[in-house]
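Please read the following note beside the sequence and the model. It is written as a set of numbered points.

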Amino acid sequence: MARASKVRVAVEVRPGGLRSEVEVRGARVADLLRAMGYERGEAVVVRRGKVLTEVDGLAEGDELVVYEVISGGAS
Amino acid sequence: MRCSSCSLDAAIYIRHLRRALCPAHLEQYLVEKVRRVVEGHLPPRGGLLLVAVSGGKDSAAAASLLKELSGEAGFRLGLVHVDLNIGSYSEACRRAAVELAESIGAPIALIDLEGVLGAGVVEVAERVGRPTCSACGVVKRYLLNLAALEAGAHRLATGHNLDDIAAYALKAHLTQEGDYASKLLRHTEGFEGFVGRLRPLMEVEEREALVYALSKPLPFSHEECPHFNRRGIELKAKRFLMSVEADSPGFKASFIRRLAKRPPVGGAEPRLGRCDLCGLPSSAGRCAFCRMMRRALGEAWEPGALRGAVAEAVAKLK
């Protein structure tokens, strides 16, 4: 199945819990993280409790949690 | 993406190895990394390895990975958590630490700062006019060592990961302050009054620890401390090292390995005496903790009661 080249996803960023909608061109996790301004390796994305790799695809309406790797809290 | 070792979905891609790993194979990979680091430095059969758990991902990962090794190596694993009493942040950390202990099946001792000192870390810092992070470091180092002593632990393990150690080394180099040589060691030998340290995650990247904690899954709190300095050099150093790693996979690990091989720089180790108040090792007469507590709480403060309270808190680990 051909992957959509552009999707809109809902993200919650931790720490902080900030929620927003992001339009992602390319529709892969790496594209989302780039669109959110993260460098490679700076954040990890979880969908329905499952950790995704940077090459995994995203779907329209996905609800995602973005964990920043460097948290600045308890380590 | 599929795991390079099986057909399951991968949770992480390790670029310098060119391997994708599912949660189970990530655990296997990290257990082997930790095994290499701790080999020869674990407690004897039946001995206690105390893990300092903050409630965060790294110490959760360290505790869980050491638990995996404890069966075959025959040591006992105990956890200790210091509640710093920083409002809802500390409550979340404490909750996560307790849930982690249940999840991995290890006993946990809780040391509540207000309970054992009569003041939380913010109040102590305010009273002595020090930045909260600086006072927090002194308090945690002292209390964790005291807890390990009172519990009769053979070693105290912390959750410092590869990124922490690399950033610390870079910061120490940039500022020309601090002794990074000792931080690079996998373990620190104990002596009378000081329990030796173990850094099981020193070859584990922060991202690997996070993915492990998320995919296991382990209970942990990912909230930011309200006193965290977002403009500090350490955070910038971590980001810089991460950006170098992005273009040169494996850079951080080889940076640390090369640095650890170099002979220590600077003068001789400071001669350790004994603190005149608590009797524990100190390089400066009265130890930093007792100096701070006397300034914060006055002449009425004495370390005997604290030692008794900590002994009571860790009694269940014996």
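Predicted model: local features only at pLDDT ≥ 70, side-chain atom pairs only at ≥ 80, totals over all residues.

1. Residues are numbered from 1 along each chain as its sequence is written, chains are lettered from A and ligands numbered from 1 in the order in which they are written, and side-chain values use heavy atoms, with hydrogens and water left out.

2. Chain B contains 13 helices and 10 strands; helices (H or I, at least four residues) and strands (E, at least two) are DSSP runs, numbered from the N terminus. The C-alpha trace of chain B spans about 65 × 40 × 40 Å along its principal axes. For 318 residues a compact globule would have a radius of gyration near 20 Å, and the 20 Å of chain B agrees with this. That radius is taken over C-alpha atoms, and the globule rule is 2.2 Å times the number of residues to the power 0.38.

3. Of the 318 residues in chain B, 53% are buried. Buried means under 20% relative accessible area, exposed over 50%, and partly exposed in between (1.4 Å probe, protein chains only). Helix α9 (residues 206–215) of chain B is mostly covered, with 10 of its 10 residues buried; among them are B:Leu210, B:Val211 and B:Tyr212.

4. B:Ser134 belongs to helix α6 (residues 132–151) of chain B and is partly exposed, at a relative accessible area of 26%. Its C-alpha atom is separated by 29 Å from that of B:Val34, 100 residues apart along the chain.

5. Most residues other than glycine have a negative phi, and most peptide bonds are trans. Attention is therefore drawn to the cis peptide bond between A:Arg14 and A:Pro15, where omega is about 5°, because most peptide bonds are trans. A:Pro15 is placed in the loop between β1 (6–14) and β2 (18–25) of chain A. The bond from B:Lys216 to B:Pro217 is also cis, with omega near -15°, and B:Pro217 is found in the loop between α9 and α10 (233–247) of chain B.

6. Which residues have a positive phi without being glycine? B:Arg18 has a phi of about 55°; this residue lies in the loop between β1 (12–14) and β2 (19–21) of chain B and is exposed, at 69% relative accessibility. B:Asn85 has a phi near 60° and lies in the loop between β4 (76–83) and α3 (87–104) of chain B.
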